[in-house]
Amino acid sequence: MRTVKRSTTTAAIAAALVASAALATANPAAAADYRCTTSTKSIDDPAYSGPWADNWDVTVRLCAKRSGSTVSTYAKLSWDGPAYTYADDSTIFDGAYFNLQVKKSQAGTDPVKKSKKYYGIESRLESSGSDANYNNSYTTPVLSYAIGSSRALADGELRLDWNNDGRGYWKHLFSASPTV
């Protein structure tokens with residue numbers, strides 16, 4: 001079982017401001033023609049039940065753009081994780097990935113036309129600063145699909161398999177991008 005160090009409210013606020021600033025920073029995939037939606041969830045670490053805060057505040061920005069008949073999507077994830085006892089703990093998760101999806105926008109449920117699982121996020125989640133505070137970010141590569149004239153959007157799921165909880169992957173949903 002992991003133990004959590006106490007962190008101050010001031011440090012948590014500062015980390016949230018840094019995460020917000022990181023989301024606002026433009027990168028090549030975040031060109032002005034992408035339409036994006038940002039949503040945040042607080043995710044509990046089920047393997048820890050002690051007195052200190054253990055939630056991971058995860059922000060996901062899902063983006064889509066159209067170029068002719070092709071829709072391109074990407075996701076930028078950032079998180080403010082807890083401060084654990086150990087830095088760079090590779091045993092927090094048994095597995096983690098972000099499943100990015102291109103969906104056709106239609107009445108009712110939007111069908112997935114293309115999806116890809118990005119496993120590179122696990123090593124980023126388990127990487128901390130020297131103070132054992134688990135704050136970081138991850139941006140998926142661009143996922144494209146030739147959808148013709150149909151409207152489409154980016155959607156995705158964060159899947160986390162916590163170590164020692166015995167429940168496999170937990171699915172965490174975030175708000176889809178606007179349609180393009």
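Is His172 buried or exposed? Let's start there. One caution before the answer: this is a predicted model.

His172 is buried. Its relative accessible area is 12%, and the cut-off for buried is under 20%. His172 lies in strand β9, which covers residues 169-173. What does His172 touch, leaving aside its neighbours within four places in sequence? Ile43 is one of its contacts.

Now the aromatics. How many aromatic pairs does a search of the whole structure find? The search finds 9. Let me take one of them, Tyr97 with Tyr119. The ring centres are 5.0 Å apart, with 50 degrees between the planes. That pair counts as tilted.

Where do these two tyrosines sit? Tyr97 is in strand β4, residues 93-104. Tyr119 is in the loop between β5 (112-118) and α2 (121-125). They are 22 residues apart, so the pair links distant parts of the chain. Tyr97 is buried, at 8% relative accessible area. Tyr119 is partly exposed, at 47%.

Next, a cluster. Ring pairs join Trp56, Tyr84, Phe93, Tyr134 and Trp162. Please find those five on the screen.

Last topic: charges over rings. Look at Lys41. Its charged end sits over the ring of Phe174, 5.9 Å from the ring centre. Then go to Arg167. Arg167 lies over the face of Trp170, and here the distance to the ring centre is 3.9 Å.

Back to the opening question, then: His172 is buried, in strand β9.

Key. Residues are numbered from 1 along each chain as its sequence is written. This is a predicted model: local features need pLDDT of at least 70, side-chain atom pairs count only at pLDDT 80 or more; totals for chains, interfaces and linings use all residues. Side-chain values use heavy atoms; hydrogens and water are left out. Rings of Phe, Tyr and Trp (its six-membered ring) pair if their centres lie within 6.5 Å; planes under 30 degrees apart count as stacked, over 60 as edge-to-face and the rest as tilted. Helices (H or I, at least four residues) and strands (E, at least two) are DSSP runs, numbered from the N terminus. Buried means under 20% relative accessible area, exposed over 50%, partly exposed in between (1.4 Å probe, protein chains only). A charge sits over a ring if NZ of Lys or CZ of Arg is within 6 Å of the ring centre and within 35 degrees of the ring normal. Contact means heavy atoms within 4.5 Å.
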